[in-house]
Amino acid sequence: MKQINTKLKNFIQWIVAAIVAFALANILILPYWYAPGWVSRDSGATPAIYHAGKTVINGYEGYGYATVDARGYLNEDKPLADEVVLVLGCSHTKGIEVPMDKRYTSLLNEKISQGDDSKLYVYNMAIDGFYFPQIAAGFSAALDEIPSTASIVIEIPTTEYAPTDFVGFSSRQYSADYTGTTAFENQSLISKCQTGIKELFPLASLYLSKQFVFENNAKTPFLYKEESQTENPFPPNIQADYQLAIRNSFAAMRERWDGEIIVIYHPKIKLQEDIQKFRCLN
């Protein structure tokens, strides 16, 4: 009987030690990583937003920190100016790898505001994986959410889309019930629990983050392999559909918006092997 009690006591001690170690690890990782809950939605400009009012900390690549505004995007929680530059894009524009005031949207805001830090003149509406087909689908909803938009910037890091990626042009509708804190409150109970776990345990959030899920070497560009040297990467029967999808997307945008649209295109750059050798020699 005494031996059984000893084993049970040791087992409980191991469990308690594991819990304490896990809790301590989650506390120690906070200066390195913290990601608010990620709220998926069917309505709105983007397929998902952050839990409003939280803070993002990212030391995985570079070091960045940012605040989540009342709409669920990474901006200072300030009122909008009478005329706003709306910036749509993916992780490059989201910019959590640098401090919030070092992002290009923040630097642009500083230039346009001319020292007025009481309002936002540039609004960053960027999330991970928010590429052109998704931007086109949510374009109308974005304008409904930010009605003071005077100019639009669209960041495009790639054109590797399939025609089937364009599932609808301005098809997503804006809903005030799925923005910011309201979106979190309108989640299902299961989704709320999942969000709460990720926020309570940043170590689990880091493990589940996309940095651990995807391997860059496993990615294959749309319709052609990276080593392909063909002049035309698109099969003849696909190219026409692709071009039509692009034209229809911009046509739908123009039906809703006749103002200025600035497209920032920055494709991936890869150094050739001979250039890398030249750098090593010098």
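Q: Is Glu76 buried, partly exposed or exposed, and how do I tell?
A: The classes rest on relative accessible area with a 1.4 Å probe and protein chains only: buried is under 20%, exposed is over 50%, and partly exposed is in between. Glu76 has 39% relative accessibility, so it counts as partly exposed. Keep in mind that this is a predicted model, where local features need pLDDT of at least 70, side-chain atom pairs count only at pLDDT 80 or more, and totals for chains, interfaces and linings use all residues. Residues are numbered from 1 along each chain as its sequence is written, and side-chain values use heavy atoms, with hydrogens and water left out.

Q: Which residue forms a salt bridge with Glu76?
A: Side chains of opposite charge can pair when their charged atoms come close. The criterion is a side-chain nitrogen of Lys or Arg within 4 Å of a carboxyl oxygen of Asp or Glu. Here the partner is Lys78, with the closest N and O atoms 3.5 Å apart. Lys78 is partly exposed, at 23%.

Q: How many salt bridges does the structure hold?
A: Four. One of them joins Glu199 and Lys54, whose closest N and O atoms are 3.9 Å apart. Glu199 lies in helix H6 and Lys54 in the loop between strands S3 and S4, so the pair ties together parts 145 residues apart in sequence. (Helices, H or I of at least four residues, and strands, E of at least two, are DSSP runs numbered from the N terminus.) Glu199 is buried at 13% relative accessibility, while Lys54 is partly exposed at 28%.
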